[in-house]
Amino acid sequence: MRALVVDHSGAGPVRFADVDEPVPSAGEALVEIRHIGLNFGELNYVDQWPAGAVHGHDAAGIVVRAASDGSGPPEGTRVAVGMAPHAWAERVAVSPASLGTVPKSVDLADAAALGIAGVTPLRVLRTRSLLARNVLITGASGGVGHFAVQLAALAGARVTALVGSPERAAGLRELGADKVLTDLAETGDRFDLVLDTVGGPLVAQAWSSLAEGGTLHLVGYSSGQETTFPSGALFGFGEPRSIATYGDMTPTGGELTDLLGLMAAGRLSAPVGLRGHWHEVGDAVQALFARKVHGKVILDVA
């Protein structure tokens with residue numbers, strides 16, 4: 001079968017290859033993949049995976065063989081695959097714990113946009129009550145950012161979306177952002193929670209805007225830059241502030257089910273900024289790296 005595999009050469013980060021058919025264990029379903037969702041991190045930091053390995057974590061498709069132990073969805077079920085290894089292939093063996101059943105009213109391609117981009121902000125935003133709280137989302141025009149803005153607004157937060165340029169601000173107010181900024185210096189607000197996808201100098205700026213008792217969650221570092229805190233910036237009086245890292249790779253089935261339910265109810269939309277065929281993956285990766293995509297890249301599998 002055909003798959004996108006890790007490529008460490010200059011032509012990378014992925015290439016097509018013929019690979020062996022997956023052999024599901026008793027506790028795995030065999031899923032025929034119809035759509036895959038690209039993520040900046042797994043492509044930009046491809047050296048963290050072995051060359052030749054089937055890449056990718058997020059997809060959507062149809063169960064063609066249910067798990068033989070009786071767990072998980074039956075044959076014919078439409079499913080979202082989230083944070084599962086080796087997902088960018090024509091067929092994938094997946095634990096039911098990493099699957100979410102896609103309701104009839106939800107487009108299967110939209111379901112492929114969940115996974116990393118949807119589950120990450122859901123897990124972070126659930127760490128505290130957000131009702132009437134000030135929340136800052138950095139890199140808000142990306143896949144994680146688009147979902148984070150919507151989910152924070154649904155939770156009752158006052159949402160500030162920070163983007164890199166005015167062109168990347170389009171549509172964020174409609175998703176629930178109360179304010180859309182291109183520079184954190186444009187506001188004097190203090191934030192109870194910051195979800196940062198950018199890293200670099202912006203982390204120090206966001207820290208200085210954190211309210212007493214607030215938390216700065218680091219979920220990405222798309223800038224690739226280092227963070228330097230001014231002398232004394234990490235000292236302060238009052239209720240302690242905190243910085244939290246993110247690396248939760250536990251099974252995503254529960255969160256996928258919740259997100260798909262919100263989509264079915266019309267309360268959450270998939271931020272698909274680029275849709276194409278997986279044979280066009282090279283162009284899609286270039287557009288993603290060039291920051292030309294607002295939201296997620298979804299590619300259709302033949």
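Guide: Let us begin with paired strands. Leu193 stands opposite Thr215 in β12. Please keep in mind throughout that this is a predicted model.

Visitor: How many bridges join β11 to β12, and do the two run parallel or antiparallel?

Guide: Five bridges join them, and the two strands run parallel. Another facing pair is Phe191 and Leu210, the latter in β12.

Visitor: In what sense do β8 and β11 pair, and over how many bridges?

Guide: The pairing of β8 with β11 is parallel and has three bridges. Within it, Ile137 has Leu195 of β11 as its bridge partner.

Visitor: Why may β11 be described as largely enclosed?

Guide: One counts the buried residues, where buried means under 20% relative accessible area. In β11, six of the six residues are buried, so the strand is largely enclosed by the rest of the structure.

Visitor: Let us turn to a single residue. Where is Thr160 found, and is Thr160 buried or exposed?

Guide: Thr160 belongs to strand β9, which covers residues 158-162. Its relative accessible area is 3%, and therefore Thr160 is buried.

Visitor: Which residues does Thr160 touch, leaving out those up to four places away in sequence?

Guide: Thr160 touches Val135, Leu136, Ile137, Lys179, Leu181, Asp189 and Phe191. With neighbours within four places set aside, the contacts of Val135 include Thr160, Phe191, Leu193, Leu125 and Ala152.

Visitor: Which residues touch the most other members of the largest nonpolar core?

Guide: That core has 43 residues, and Val135, Ile137, Val149, Leu172 and Leu260 are the ones that touch the most other members. Several elements supply at least two residues each, among them β4 (58-65), β8 (134-138), β9, β11 (191-196) and α7 (253-264). Helix α4 gives the most, with six residues. There is also a second, separate core of 37 residues, which includes Ala3, Val54, Trp88 and Leu288.

Visitor: Since α4 has been mentioned, is Leu154 of that helix buried, partly exposed or exposed?

Guide: Leu154 lies in α4. Its relative accessibility is 34%, so Leu154 counts as partly exposed. Beyond residues up to four places away in sequence, Leu154 touches Leu262 and Arg267. Leu154 and Arg267 are 113 residues apart along the chain, yet their C-alpha atoms are separated by 8.0 Å.

Visitor: How far apart are Gly188 and Ser209, in sequence and in space?

Guide: They are 21 residues apart in sequence and 7.6 Å apart in space, taken from C-alpha to C-alpha. Gly188 is part of the loop between β10 (179-181) and β11. With a relative accessible area of 73%, Gly188 is exposed, because that term applies to values over 50%.

Visitor: Next, the pockets. How much space lies in the largest pocket, and which residues lie nearest its centre?

Guide: The largest pocket holds about 1,300 Å³ of space. Its lining has 48 residues, and Phe40, Thr197, Val219, Gly220 and Ser222 lie nearest the centre. By class, the lining has 22 nonpolar, 20 polar and six charged residues. Among the elements that each supply at least two lining residues are α1 (40-44), α6 (201-208) and β15 (296-300).

Visitor: Which peptide bond is cis, and which residues other than glycine have a positive phi?

Guide: The bond from Gly12 to Pro13 is cis, with omega near 15°; Pro13 is in the loop between β1 (2-6) and β2 (14-18). Met83 has a positive phi near 55° and is placed in the loop between β5 (78-81) and β6 (91-94). Its relative accessibility is 8%, so Met83 counts as buried. Arg291 has a positive phi of about 60° and is found in the loop between α8 (281-289) and β15. With a relative accessible area of 37%, Arg291 is partly exposed.

Notes
Residues numbered from 1 in each chain as written. Predicted model: local features only at pLDDT ≥ 70, side-chain atom pairs only at ≥ 80, totals over all residues. Heavy atoms only, no water. Helix = DSSP H or I, 4+ residues; strand = E, 2+ residues; numbered from the N terminus. Buried < 20%, exposed > 50% of the residue type's maximum accessible area, 1.4 Å probe, protein only. Contact = heavy atoms within 4.5 Å. Core = buried A, V, L, I, M, F, W, Y, C linked by side-chain atoms within 4.5 Å. 1 Å grid on protein atoms, 1.4 Å probe; cavity = no way out; pocket = protein on both sides within 12 Å on 5 of 7 lines; lining within 4 Å. Points joined across faces, edges and corners; volume = space filled by probe spheres on them. Nonpolar A, V, L, I, M, F, W, Y, C, P; charged D, E, K, R; others polar. Pairing = 2+ DSSP bridges.
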